[in-house]
Every structure is written in C-alpha cells, then in structure tokens.
Amino acid sequence: MNVLQVSAEIFPLLKTGGLADVAGALPQALNAAGCAVRVLLPGFAPILADLQDEQAPAHLVAPWGESVALRQGRLNSLNLQAYVIDVPHLYGREGTPYEDEQRQPFTDNDRRFALLGWVAARLAAGLDAHWQPQVVHSHDWHAALTGAYMAFLPPQRDRVASVYTVHNLAYQGLFAPRHFFELGLPAAAFSVDGLEFHGQLSFMKAGLFYADHITTVSPTYAREIQTSEQGCGLDGLLRTRAHDLTGILNGVDETVWDPARDMVIPERFDAVKPAGKVVCKAALQQQLGLTVQTQAPLFGVVSRLTEQKGLHLLLGVIDDLLARGGQLVVLGTGEAALEAAFLQCARAHPEAISVRIGYDEPYAHQIFAASDVTLVPSRFEPCGLTQMYGLKYGSLPLVHRVGGLADTVVDCALENLADGSANGFVFNRFDVPDMARAVARSFALYADSRQWRKVSTRAMRQRLGWDRAAQDYLALYRRLCH
Ligand code: ADP
C-alpha cells in the first residue's frame with residue numbers, strides 16, 4: 001500500500017512538539033508493517049540539507065502564480081523517500097516554522113502551508129509517473145487543505161483516500177477571508193459546508209470537512225472534541241462526522257526513547273538493571289547545583305510553557321512540594337509570564353529547583369532519566385508524549401485525567417496497586433488542591449521504596465512502541481481503499 005504522509009515537521013530534522021515525533025516515527029512503523037510510505041514536507045533548511053539521491057525536480061506554478069520546485073529524494077537521517085517543496089522565499093526564514101523571531105505568525109502562513117495540501121493533491125492525481133499514493137495522510141492544520149484540494153480533483157480512475165489527523169484542535173490555521181481567493185479552490189468551498197468558519201478561512205475545518213476519514217491521537221480526545229467544552233467551536237461538525245472519526249493512541253519511538261540504549265544520558269538502565277537511574281539522578285542534581293539526595297522524589301517538566309499545559313497549577317503546589325523535601329527540574333519555553341514565574345521560583349530555591357528556558361533535546365532525555373516523577377498537569381491533552389517517555393524512563397507520570405493522559409496513566413490508588421494496573425498519579429479536577437493531593441500520593445508511594453520499585457519497574461516494561469498504532473492505521477487505510 002502506497003501512503004503519502006504530509007506534515008510540516010519531522011523528527012529529527014525539524015521539531016517544535018509532538019507532531020514531529022509522530023511524523024518521524026509513524027512512516028517507519030508503517031513501512032515495517034508492509035506499507036510503502038513517502039513523506040511530503042516544506043523545504044525548511046534542515047530538511048533540504050538531509051535530502052539525498054535526488055531525482056530531477058518537478059516545476060509547478062502555485063495557484064497564486066509563484067514558481068515551485070518539487071524535489072524528490074531520500075531523507076538520509078530517516079532513510080525515507082520524500083518530496084520536498086523548495087521555495088526559498090517561503091521557507092528559508094529565521095524563527096520557528098510558523099513564527100518570526102518576535103513570535104508573531106508569518107503573515108503569509110496561508111500560502112506557506114496551503115502549498116502542502118495543494119502539492120499533496122497533485123501527487124494524488126498522478127504528478128509523479130513513477131509513484132502514486134493510494135492513501136494521502138495529512139497531519140494538523142498545516143496540511144489540512146489536502147482533503148479540500150483532493151475533493152475538487154477531476155474524477156480519477158483509481159480513487160485515492162484521504163485521512164486527516166488532528167494532533168491539537170486548538171491550533172486551527174485561521175485566516176482572513178480575502179486569502180481564500182488566492183488558494184485556487186472553487187468559490188463553493190468557502191461556505192458553511194466547506195472551510196468557512198465564522199466568516200474566516202479555517203484550514204482545520206477544511207481537514208475535518210473534506211477528509212474521507214479523521215483520526216485523532218487518543219480515544220478519549222476523540223470523544224472530548226465532540227463536546228462543546230473541548231470542541232473549539234468545531235464539535236458540531238465533528239459530531240456529524242462521528243462515524244468517520246477514530247482515536248488512535250500515539251506510540252513511543254523506541255529507537256529514540258529507550259533508557260537501555262540512550263547515549264545522551266550518563267548511565268543506561270532498564271527494568272532489569274535499574275541501578276543506572278540512581279546515577280542519572282545524582283549526576284543531574286550535581287550538574288544543576290541541587291542538593292544531591294535520594295530520600296525525596298525529583299519532579300521533572302519537559303514542556304511548552306503554555307496555558308494548555310496547566311503549569312500554573314504547578315506554581316500553586318510548589319511550596320507544598322518543597323515543604324515535603326521534593327525537588328523540581330523544568331525545561332521549557334513559551335509564554336513570557338510562565339517563564340518568568342518559574343525562573344523566579346528557581347532563584348528563590350536554587351538548592352531544590354532548576355529552570356532552563358529553551359529547547360534542548362538531549363537535556364530532555366536527561367530529565368526523564370533522572371527524575372522520579374514526570375509532571376503533565378495539562379488542561380487538555382490530545383495524546384501527550386512526555387508521560388509515555390516518563391513511563392519508559394521509570395519517571396512515573398503525574399497527570400490531569402484528560403485526553404491521552406487518561407488513556408495512558410492509571411493512578412496509584414490502592415485497588416490499582418493491588419491489581420497491578422497502577423503506573424502513575426492522576427488527578428480529576430483541574431485545580432491546585434486536587435493536583436496537590438496527587439503530589440502527596442507520589443510522596444507517599446516514594447516513601448514505600450518496595451512499592452515504588454514495583455510500580456516503576458512495571459512502567460518501564462510497558463509496551464508503548466508504534467507497532468500497535470501502525471496496525472490500526474493500516475487497517476483503516478485498507479478499509480478506506482476497498
Ligand atoms: P505538544 O506536542 O503539545 O508540545 P507532546 O507531549 O505531544 O506535547 O510532545 C512534546 C514533545 O516535545 C516531546 O517530545 C517533548 O519531549 C518535546 N519537548 C517539549 N518541550 C521541549 C523542550 N523545551 N526541550 C526539548 N524537548 C521538548
């Protein structure tokens with residue numbers, strides 16, 4: 001089965017969040033399951049630099065008249081066949097893939113990402129004489145116009161199915177309506193039954209409306225986004241598409257996240273030989289100037305510092321955490337107010353709290369390896385990967401019961417300890433007192449070192465790889481193609 005995966009990011013070349021991890025791991029898992037996956041990506045510098053064994057590029061003209069070179073080759077770091085849209089004027093910029101250095105969205109993001117969908121539809125229509133997809137699988141708003149462009153292709157001999165995965169419904173790709181007319185879609189598409197959303201142009205809505213099938217990244221989030229609380233105004237449309245909406249839980253790329261083989265942590269360990277974790281904890285405490293101790297848990301945060309992630313709740317429990325002798329290590333970047341608040345805590349308690357503002361992949365691994373508890377108190381969380389990385393590294397996740405966090409973490413309540421299902425700490429109400437109670441439970445379990453070892457050993461043994469999700473996607477593709 002030929003599958004074209006369309007995304008704006010791909011690990012390890014370009015990553016701002018979980019989307020990149022999924023976009024990098026899923027093609028490998030699908031290939032292992034018997035698919036032939038190619039990826040379509042924008043020509044950001046690290047992606048172009050990784051492209052090898054290139055064919056002669058195809059030259060296209062975008063709907064608004066701009067010349068586009070479509071390069072095809074192999075991504076060296078992933079050993080993956082790829083199409084890359086090479087338009088230096090659109091992608092060769094400083095800043096993140098989406099924002100300039102002042103953190104403002106680029107004003108032509110509609111064109112920059114509409115191209116992804118437009119080229120995907122051209123490939124679906126047979127642009128490459130040597131390879132044609134049977135399924136085009138696009139990810140998040142950046143690639144969401146794929147289904148819309150495909151819906152307006154002339155009838156084809158072999159139908160190509162479109163799948164659209166929502167990684168986060170909150171980021172929708174909304175643009176002023178005047179941009180619609182440069183995108184080359186028929187006027188009919190700008191309507192309630194199309195990509196019009198309260199007078200604006202919504203890429204997300206295009207994905208939800210036109211794709212043959214919608215998936216999202218956990219079963220619970222698939223249900224939540226059909227409610228007005230979490231539907232971001234799109235719950236009505238999602239309810240009408242309930243039969244074409246599936247939640248498939250993300251996996252962990254175990255070639256990247258495996259404490260037994262991880263070369264960026266000071267000492268390797270696993271469920272059978274856990275001793276290395278103690279070394280990792282001491283090394284990090286020493287490196288950060290924290291008191292080197294093992295009698296209380298070290299809490300870790302690796303996260304975007306945004307409202308979504310619920311970290312203001314953590315600010316509310318820090319005093320309690322410190323009073324109990326705990327320590328906290330934070331790595332993140334995002335909203336200025338949250339960054340400042342965490343930095344202030346670290347300045348006030350340098351022996352117990354360390355905060356690094358920034359994005360640092362190896363340091364993230366070191367935090368999971370060193371910490372005893374991974375904090376993910378998100379207000380909402382489509383899937384969440386860091387709680388799963390925590391499990392793999394024996395850092396028990398402490399989470400709000402929402403989205404994919406609810407699907408992956410089972411609280412250390414007595415009945416769950418007794419039946420062997422417990423693997424972390426879960427709080428139900430999104431408030432400081434409920435999170436504080438979960439933190440108290442984590443200290444109680446930590447004090448019982450035999451139980452703690454039992455639970456963390458079980459966490460490290462959990463099967464979290466991509467093979468299960470790949471089988472689910474493959475079954476979906478097969479269903480759509482028949
Ligand atoms: P989201 O995609 O909403 O940010 P996920 O939990 O799905 O959340 O994925 C986040 C990914 O980004 C994880 O791989 C996590 O380790 C990584 N990450 C987040 N912040 C940082 C950071 N400051 N430095 C390094 N990695 C980070």
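Mentor: Contact here means heavy atoms within 4.5 Å. The model is predicted. Start with α1 and α18.

Trainee: Which residues of α1 and α18 meet?

Mentor: From α1 come L26, A29 and L30. Facing these residues in α18 are A470, Y473, L474 and Y477.

Trainee: What makes α1 roughly perpendicular to α18?

Mentor: The crossing angle. The axes of α1 (residues 18–32) and α18 (residues 467–481) cross at roughly 70 degrees and come within 9 Å. Angles of 65 to 115 degrees count as roughly perpendicular. That is why α1 is called roughly perpendicular to α18.

Trainee: How do you know what classes of residue make up the contact of α1 with α18?

Mentor: Sort them. Ala, Leu and Tyr all count as nonpolar. The contact of α1 with α18 has seven nonpolar residues, no polar and no charged.

Trainee: What makes a space a cavity rather than a pocket?

Mentor: In a cavity a 1.4 Å probe fits but cannot get out, whereas a pocket is an open set of points. The whole structure has one cavity of 30 Å³ or more. About 70 Å³ of space lies in the largest cavity.

Trainee: Which helix gives the largest share of the lining of the largest cavity?

Mentor: α1, with three residues. Among the lining residues of the largest cavity are F11, D21, V22, A25, W257, Y389 and W466.

Trainee: How does the lining of the largest cavity divide by class?

Mentor: Nine residues are nonpolar, one is polar and two are charged. The lining includes G251, D21 and D253. Gly counts as polar and Asp as charged.

Trainee: F11 lines the largest cavity. What is the peptide bond from F11 to P12, cis or trans?

Mentor: That bond is cis, with omega near 10 degrees. P12 sits in the loop between β1 (2–6) and α1. Most peptide bonds are trans.

Trainee: Now the second largest pocket. What is its volume?

Mentor: About 390 Å³. Of its 16 lining residues, V278, D372, Y446, W452 and R453 are the closest to its centre.

Trainee: Which helix gives the most to the lining of the second largest pocket?

Mentor: α17, with six residues. Both α9 (275–288) and α17 (449–461) supply at least two residues each. By class, the lining of the second largest pocket has seven nonpolar, five polar and four charged residues.

Trainee: How do you know that Q366 touches residues of other parts of the chain?

Mentor: Residues up to four places away in sequence are not counted, and Q366 still touches V264, I265, L284 and Q287. Q366 itself is in helix α12 (residues 361–370). L284 is 82 residues away along the chain, yet the C-alpha atoms of Q366 and L284 are separated by 7.5 Å.

Trainee: Which stretches make up domain 1 and domain 2?

Mentor: The domain assignment gives 2–251 + 466–481 as domain 1 and 276–461 as domain 2. Their C-alpha centres lie 33 Å apart.

Trainee: How many residues of domain 1 and domain 2 are in contact?

Mentor: 20 residues of domain 1 are in contact with 20 residues of domain 2. The cut-off for that contact is heavy atoms within 4.5 Å.

Terms used: Residues numbered from 1 in each chain as written. Predicted model: local features only at pLDDT ≥ 70, side-chain atom pairs only at ≥ 80, totals over all residues. Heavy atoms only, no water. Axes fitted to C-alpha atoms, helices over the stretch in contact; angles between N-to-C directions. Helix = DSSP H or I, 4+ residues; strand = E, 2+ residues; numbered from the N terminus. Parallel < 35°, antiparallel > 145°, perpendicular 65-115°, else oblique. 1 Å grid on protein atoms, 1.4 Å probe; cavity = no way out; pocket = protein on both sides within 12 Å on 5 of 7 lines; lining within 4 Å. Points joined across faces, edges and corners; volume = space filled by probe spheres on them. Domains from an automatic or database assignment.
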